[in-house]
Every structure is written in C-alpha cells, then in structure tokens.
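Me: I am new to this structure. Please show me how to read its features, one at a time.

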Amino acid sequence: MHQLRCLDVIRDQLTRPKVDRDVHLTNHCMNYLRQIIMCHGDTHLDPILYTSDTKTVEDHPVRRCLDWRAVYDRVFRPQDGSV
C-alpha cells in the first residue's frame, strides 16, 4: 500500500504549481519507489519447461536484493549495437 500511496503523492505533486509542491515528501516517495524497483527487479531468467504447457520450472522462486552491478553495467554500457 505504501507504493500506491507514493504513486498518488507523486501524481498529486505533478498537478501542483512548483511553488506549492512538497519537495521533501516527493523525494521520499521517489527514493522509496527506486529502492523497491532495485530490490525486486533482477536479471534472473525463469526457465520454461516447454513439455509442460510452458509453465515455469519454479512457481515461486526466491528473489533476494543482493547485487545490482549487472543491471548498472548493462544500463551504462556504451551503445555499440551489441546485446
């Protein structure tokens, strides 16, 4: 619910004139959402068993927020056309 509240705060702040915005609250929400995205997003690919109607091998794999370097490395890699 906190994530939804933060999205609502950001939406509300974007509709206000800059002089009326609460920068502290907006910064808190942006940072909170950033942390949630960084901790829950990962580069792990879920393997698929094609012989079982394309269901994932693990229905509920465990994800942990450990190391984001792979994500940062990909984002900041020069765009040379390679994948």
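Me: Which residues does Cys6 touch, not counting residues up to four places away in sequence?

Reply: Contact means heavy atoms within 4.5 Å. By that rule, Cys6 touches His28, Cys29, Tyr32 and Leu33. A caution: this is a predicted model, where local features need pLDDT of at least 70 and side-chain atom pairs count only at pLDDT 80 or more, while totals for chains, interfaces and linings use all residues. Residues are numbered from 1 along each chain as its sequence is written, and side-chain values use heavy atoms, with hydrogens and water left out.

Me: Which residues make up the largest nonpolar core?

Reply: A nonpolar core is a set of buried Ala, Val, Leu, Ile, Met, Phe, Trp, Tyr and Cys residues joined through side-chain atoms within 4.5 Å. Buried means under 20% relative accessible area, with a 1.4 Å probe and protein chains only. Here the largest core has five residues: Cys6, Val9, Ile10, Cys29 and Leu33. Helix 1 and helix 2 are the elements that give two or more residues to this core. Helix 1 gives the largest share, three residues.

Me: Which residues of helix 1 are buried?

Reply: An α-helix has 3.6 residues a turn, so residues three or four places apart point the same way. Helices are DSSP runs (H or I, at least four residues), numbered from the N terminus. In helix 1, Cys6, Val9, Ile10 and Gln13 are buried. They cover an arc of only 95° around the axis, so they sit on the same side of helix 1. The arc is taken from the directions from the helix axis to the C-beta atoms.

Terms used: Buried < 20%, exposed > 50% of the residue type's maximum accessible area, 1.4 Å probe, protein only.
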